[in-house]
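Visitor: I am new to this structure. Could you give me one close look at the aromatic rings and at what is buried?

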Amino acid sequence: MLLLRSHRSPCRLPLLPAIHRITMSSSSSSSPSITPASSAAADYHCRTKHSLTAGYARGPGRLDWANQPNPFLRFSPSSVIALPNPPPLVSPVHYPALFHSPPPPPQPLSLDSLSDLLFHSLALSAWKSAGASTWSLRVNPSSGNLHPTEAHVLFDHPEEPRRLVVAHYAPRDHLLEIRATGPAGSRSALLPPPATAVLALSSIFWREAWKYGERALRYCNHDVGHALAAVAVAAATLGWDARLLDGLSDQDLGRLVGVEKGCPAPAPPEGMPDSNVVTSRGKAPWVERHHPDCALLLFPVGSEPEVDYARISDALRGFDGLEWAGKANGLSKNHVVWDVIYRTAEAIKKHHPEPGEQFSVSPWRKSAELSEGLYKERTVQEVVRHRRSAVDMDGTHVMSKEQFYQMLLHCLPSGEVGPGERQGPQSALPFRVLPWDAEVHAALFVHRVSGLPRGLYFLVRNEEHFDTLRHAMRQDFEWARPEGCPDGLPLYRLLKGDCERLAMQISCLQDIASHGCFSLGMIARFEAVLRDKGEWMYPRLFWETGVLGQVLYLEAHAVGISATGIGCYFDDAVHEVLGLKDLEFQSLYHFTVGAPVLDKRIMSLPAYPGPGIDA
């Protein structure tokens with residue numbers, strides 16, 4: 001689960017000396033200026049910032065436990081496909097080999113391979129129990145362990161040839177609920193050969209808004225990114241590639257996942273409070289509706305299906321007339337409507353493919369390897385199912401410099417580049433799931449890495465942005481290459497010094513940001529992306545941070561430590577430390593990596609069979 005503070009009422013806090021020392025040591029202004037919001041995405045983003053001086057973004061203030069949303073969605077009645085649990089393990093893959101070697105030969109689509117994909121990406125991973133409380137964990141991490149993300153699969157039924165079905169994945173029981181049978185004759189458009197399946201994701205914003213209020217839209221999109229990476233990694237172990245069908249509109253995606261079929265009705269016009277009103281409370285079942293996020297095409301590695309977005313869109317129009325099975329169960333009795341979430345989600349929809357937008361597949365690029373000996377002897381399957389989010393770090397563990405560099409090499413979008421090549425295109429696993437060049441970088445607070453001075457560092461993940469970043473940030477930063485840094489790793493030291501207190505301060509005063517080996521803030525090119533590409537890129541920037549976060553999770557567990565995503569941070573305090581002004585670059589997600597402190601009061605139980613409760 002991601003570490004996120006429950007949003008309390010605004011409080012005013014002074015700028016701590018840890019920040020003051022750095023900001024005062026620079027010739028840059030210590031007061032960040034903010035460009036007036038000129039779009040729905042920018043307006044939402046600025047409105048939902050946490051501030052050292054103005055307090056936290058609007059949230060519930062306290063948790064209404066009686067109305068905590070059910071994390072398990074079911075459609076009843078509907079016929080189900082029971083998936084092998086656990087699935088037969090066809091080919092265990094040593095964790096580093098997945099990044100440093102070609103993927104294994106592709107598996108055919110079967111109930112076994114479909115089960116394997118979901119079991120190692122979106123299934124339950126364990127149950128936890130403490131006192132009278134019991135709760136589940138999943139392979140894919142989620143903000144506050146609230147899991148707004150739902151998965152839907154379009155595939156040829158392995159046991160009923162020529163039957164194209166749409167199914168909802170139910171992780172509580174590891175099964176598929178068949179919701180509809182695809183229109184006759186639509187298979188070649190929806191699954192162009194040699195595609196295996198389409199996996200779509202949707203979000204139920206209410207699950208996150210229940211705890212985090214207005215900032216929940218950010219966290220839902222972090223979770224989409226985590227899920228995308230989880231699916232891409234699991235698919236690779238089966239010899240399958242995964243790529244976003246990003247030319248589909250939100251309307252296309254809504255038809256694919258059946259948002260109007262068996263789900264709560266849309267909000268009536270009078271159901272949406274005025275945007276100046278904080279919330280409305282009471283029964284508002286429409287907030288439990290799905291928001292369609294994206295769809296992934298799954299296909300054998302090395303192939304390139306000929307995707308025609310116009311044909312897919314035409315075929316999906318036929319889904320309106322299908323007979324859809326099942327009605328969604330209710331998640332809460334009462335609700336709180338955070339209107340800005342739904343207004344923003346509506347305003348940033350993608351309505352059609354961009355001019356000239358086509359589906360393409362990048363050549364598979366392996367990541368650079370320092371040494372496989374840096375990792376524990378674990379398979380990919382073991383790493384993904386044993387991944388956990390740390391809730392505390394020990395504050396003493398020291399990571400080797402080689403492990404640190406290897407982790408960051410796996411965070412590069414282009415993998416191992418040759419002479420004259422630069423980082424930017426997303427062609428390495430799992431970043432290749434995203435069709436745009438990298439827009440997200442990382443500002444690292446290094447606390448405990450042997451052989452590396454403590455301080456502030458920066459990983460440039462798209463080297464086309466280097467000059468812009470250097471110009472935008474504090475002019476007295478060093479931009480020095482660290483000692484022993486591999487040639488293909490664009491990592492720079494900005495400032496030497498103890499940044500523990502600083503990292504804690506900007507991460508909403510959370511000690512976990514300073515007690516690990518390192519923490520980081522993910523810095524995205526922001527204003528130009530929204531202006532040049534469109535507001536529909538706003539959630540996609542968060543997806544990219546989620547993909548990067550999932551890599552950090554897996555890397556940490558593969559070397560024997562842990563990690564945690566941090567969604568609560570003081571946005572403009574981060575920008576002030578870096579010298580960033582206006583909305584040119586924005587911090588979208590924080591992370592910490594280190595040795596976890598385990599709570600011995602919590603008992604672990606197997607994921608399947610579970611304890612027989614919805615938790």
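This is a predicted model: local features need pLDDT of at least 70, side-chain atom pairs count only at pLDDT 80 or more; totals for chains, interfaces and linings use all residues.

Guide: Tyrosine 405 has a relative accessible area of 2%, so tyrosine 405 is buried (under 20%; exposed is over 50%, partly exposed in between, with a 1.4 Å probe and protein chains only). Residues are numbered from 1 along each chain as its sequence is written, and side-chain values use heavy atoms, without hydrogens or water.

How many aromatic pairs does the structure hold? There are 22 of them. Rings of Phe, Tyr and Trp (its six-membered ring) pair with centres within 6.5 Å; planes under 30 degrees apart are stacked, over 60 edge-to-face, the rest tilted.

Phenylalanine 466 and tryptophan 479 have planes at 75° and centres 5.4 Å apart, so their pair is edge-to-face. Phenylalanine 466 belongs to helix 13 (residues 466-472), whereas tryptophan 479 is in the loop between helix 13 and strand 16 (491-496), so the pair ties together parts 13 residues apart in sequence. Helices (H or I, at least four residues) and strands (E, at least two) are DSSP runs, numbered from the N terminus. Phenylalanine 466 and tryptophan 479 are both buried. Elsewhere, ring pairs join Tyr44, Phe526, Tyr538 and Phe542 in a cluster.

Arginine 461 lies over the face of phenylalanine 431, 4.8 Å from the ring centre. The test is NZ of Lys or CZ of Arg within 6 Å of the centre and within 35 degrees of the ring normal.

Burial also applies to a whole helix. In helix 8, seven of the eight residues are buried, so the rest of the structure largely encloses the helix. Those buried residues are Asp250, Asp252, Leu253, Gly254, Arg255, Leu256 and Val257. Their cover includes strand 5 (149-156), strand 6 (164-170), strand 7 (175-181), strand 8 (197-203), strand 11 and helix 9 (309-317), where contact means heavy atoms within 4.5 Å. Glycine 258 follows helix 8 and has a positive phi, near 70°.
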